[in-house]
Amino acid sequence: MHGAWRLLLSLLCISLVVACGTIQAVHVHPQGDISHSDCALCATAHVSVQLAETSLTLHPVAPVLSAVEAFVAPTLTQTLSTFALFTRPPPVDSVLA
């Protein structure tokens, strides 16, 4: 059931994006009408086109070097070692024994 709701929601979102894009593409005003300041679609289109200038200040960068001391706690060495090539003996077949 969750999959059906997700599919329905995704189709709704996709259809809204397509519908809004189509409305923006076919949006026109009558020829000679230059006073469309009350049109919300035109107002948002002109606002999004404006470029904002940012002031950028470069500050000199000095490298910082410092020594770091680390404490390594002593660990016990493991004295029990295993033979790397060890293979277990074959199982005993109780039927034949």
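The model is predicted: local features need pLDDT of at least 70 and side-chain atom pairs count only at pLDDT 80 or more, whereas totals for chains, interfaces and linings use all residues. Residues are numbered from 1 along each chain as its sequence is written, and side-chain values use heavy atoms, with hydrogens and water left out.

The protein chain contains 2 helices and 0 strands, assigned as DSSP runs numbered from the N terminus (helices: H or I, at least four residues; strands: E, at least two). Its accessible surface is about 10400 Å², with 68% belonging to carbon and sulfur atoms; areas were computed by the Shrake-Rupley method with a 1.4 Å probe, and for residues only the protein chains shown count as cover.

Helix α1 spans residues 2–26 and includes L9, which is exposed at a relative accessible area of 52%. Together with L12 and L16, L9 forms a nonpolar surface patch of about 290 Å² accessible area. Such a patch joins nonpolar side chains (Val, Leu, Ile, Met, Phe, Trp, Tyr) within 5 Å, from residues with over 30% relative accessible area and no salt bridge, the latter being a side-chain nitrogen of Lys or Arg within 4 Å of a carboxyl oxygen of Asp or Glu.

The structure holds 0 disulfides (pairs of cysteine sulfur atoms within 2.5 Å). C13 is partly exposed, at 42% relative accessible area, and C20 is likewise partly exposed, at 44%. C42, by contrast, is buried at 8% relative accessibility and lies in helix α2 (residues 40–49). The C-alpha atoms of C42 and V28 are 9.4 Å apart in space, with the two residues 14 apart in sequence.

Terms used
Patches are made of residues with over 30% relative accessible area and no salt bridge: like charges are joined within 9 Å, nonpolar side chains (Val, Leu, Ile, Met, Phe, Trp, Tyr) within 5 Å. Buried means under 20% relative accessible area, exposed over 50%, partly exposed in between (1.4 Å probe, protein chains only).
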